[in-house]
Amino acid sequence: MFQPLQRLNPDAILGLMAKFRADTATIKVDLGVGVFRDLSGNTPVLECVRLAERTVLDTQSTKSYVSAAGREEFNHAVEALVLGSAHPARRERRCRTVQAPGGCGALRVGAELIRAAAPTATVYVSDPTWGNHVPLLGSSGLRLERYPYYDAARHELRFEAMLQRLDEAAAGDVVLLHACCHNPSGADLHASQWHALIELMQRRRLVPFLDLAYQGFGDDLETDVAGVRLVAENMPEVLIATSYSKNLGLYRERVGALIVVSDTESRADAVQSHVLQIARSIYSMPPDHGAAIAACIFADPRLRECWLTELAVMRDRIKEMRGLLARHLRAAIGADSFDFIEGQRGMFSLLGVPTPVVDRLRDAHHIYMTSDSRMNLAGIMPHNVAYVAAAIAAEFIAAPVSV
Ligand SMILES: Cc1ncc(COP(=O)(O)O)c(C=O)c1O
């Protein structure tokens, strides 16, 4: 049976991690893996999580099954966190939310829902986009296309080209959008661009699918979902995949949710029945532990306050490193070519250099990033920023990239 299977190449990020671990240089910098790191290089367990976990363990009376939808109180809290407590779609009972195994699980269930409802729909993903979007959505059998989003060499959005491409989409096609902190570019839509995009999606009768993996990593929990709320207010049908891997640091616990907005309450019930059947047929029900912790934090004002403080610390650390790296690069090359890093949002930016430069940064300077030159800014530390800037400047000056 297994004879036809050839060994696959390792996943690019996992391969990069292995190379980094094997690198024996005394100074080496990991800007590859997409996890937050504190100043000691650790990906911490948040204090609010530690406290909530204790409560969960102390009060848990059973390990019996939950349900395909997961924890009800978690799902309600997620809806309020993402859409706000008074959002019209919630008031009109047109939202249904199910807990999912991380953002990946939510994206995959969403893809299967689209496949069940509209098997011939095309899903448009941004160019560039997070490396896992294509396998996650594509393996459900849906056709994928790309829309222009960001010019890495010029460090700017390609918004007009994006609108032009989406204007050619067929009614019922789906547009996957990064709700905030675009991965890998760090470049987000402005309010006026969200409005223009919504006008186009309404006119072309497209269905938005929002990926919200970094709520709170851009400006704050509310500001980061302004685009999501606007879309959900103005479009009859919306899918939203949320993740609590980054903003609660619950990566390995697999905590996420899929929110689906439908045009009527009864259609929302029908949609929910399909979502539950899909969940049941893939993993039956989501893992409970992480969602129990998250629900405890969302519900307890003291823990929630603690979370907001810790979230701000993570966000500010990344922002600080953005500013620091941009300043060091400006000094090192005597030009503002990399100032864009400071103004972008979330954990990632694209340095905007070709793969051979990425390879030289890794082989000659032991600085690791993905081949598209995506940097995780949480890998920058006050003690390595000068080293990183000098290496980038050396390579940039050796082979200035035509921008
Ligand atoms: C854009 C984006 N979406 C979704 C996810 C999924 O996150 P998880 O499945 O770990 O919750 C990630 C994680 O890196 C991401 O960057």
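The buried residues of helix H8 pack against strand E6 (156-157), helix H7 (159-166), strand E7 (174-178), strand E8 (207-212) and helix H9 (226-234), where contact means heavy atoms within 4.5 Å, and where helices (H or I, at least four residues) and strands (E, at least two) are DSSP runs numbered from the N terminus. The model is a predicted one, in which local features need pLDDT of at least 70 and side-chain atom pairs count only at pLDDT 80 or more, while totals for chains, interfaces and linings use all residues. Residues are numbered from 1 along each chain as its sequence is written, and side-chain values use heavy atoms, with hydrogens and water left out.

Helix H8 comprises residues 191-204, and its 14 residues reach 20 Å from the first C-alpha to the last, close to the 20 Å expected at 1.5 Å a residue; the expected span is 1.5 Å times one less than the number of residues. Its buried residues are Gln-193, Trp-194, Leu-197, Ile-198, Leu-200 and Met-201, buried being under 20% relative accessible area, exposed over 50% and partly exposed in between, with a 1.4 Å probe and protein chains only. Seen down the axis of H8, these buried residues fall within an arc of 165°, so they line one face of the helix; the arc is that of the directions from the helix axis to the C-beta atoms. An α-helix has 3.6 residues a turn, so residues three or four places apart point the same way. On the other side of H8, Ala-191 and Ser-192 are exposed, and the helix is followed by Arg-205, whose phi is positive, near 55°.

Helix H15 (residues 385-398) also has 14 residues, which should span 20 Å at 1.5 Å a residue, and the 20 Å between its end C-alpha atoms agrees with this. Among its buried residues are Val-385, Val-388, Ile-392 and Phe-396, and the elements that cover the buried residues of H15 include E1, H12, helix H14 (355-365) and strand E12 (367-368).

A search of the whole structure finds 11 aromatic pairs, a pair being rings of Phe, Tyr and Trp (its six-membered ring) whose centres lie within 6.5 Å, with planes under 30 degrees apart counted as stacked, over 60 as edge-to-face and the rest as tilted. One of them joins Tyr-214 and Phe-217 in an edge-to-face arrangement, at 6.2 Å centre to centre and with 65° between the planes. Tyr-214 is buried at 6% relative accessibility, and Phe-217 is buried at 2%. The ring centres of Phe-298 and Trp-307 lie 5.5 Å apart with their planes at 50°, so this pair is tilted, and both Phe-298 and Trp-307 are buried. Phe-36, Tyr-214, Phe-217 and Phe-348 form one aromatic cluster. The charged end of Arg-374 sits over the ring of Phe-348, 3.9 Å from its centre, and Lys-28 lies over the face of Phe-20, at 4.5 Å from the ring centre; a charge sits over a ring if NZ of Lys or CZ of Arg is within 6 Å of the ring centre and within 35 degrees of the ring normal.

Leu-46, in the loop between strand E1 (29-30) and helix H2 (47-59), is buried at 4% relative accessibility. Leaving aside its neighbours within four places in sequence, Leu-46 is in contact with Asn-247, Leu-248, Gly-249, Trp-307, Glu-310 and Met-314. Val-313, in helix H12 (residues 301-333), is exposed, with a relative accessible area of 53%, and its C-alpha atom is separated by 9.2 Å from that of Asp-38, 275 residues apart along the chain.

A disulfide is a covalent bond between the sulfur atoms of two cysteines. When a disulfide is taken as a pair of cysteine sulfur atoms within 2.5 Å, the count comes to 0 disulfides. Cys-180, buried at 5% relative accessibility, is in no disulfide, and the nearest cysteine sulfur, that of Cys-181, is 4.0 Å away. The sulfur of Cys-296 is 9.7 Å from the closest cysteine sulfur, in Cys-48, which is too far for a bond.

Finally, the backbone was examined. A cis peptide bond with omega of about 5° joins Asp-127 and Pro-128, and the bond from Asn-183 to Pro-184 is cis as well, with omega near 20°. His-155, a residue other than glycine, has a positive phi near 60° and is buried, with a relative accessible area of 17%.
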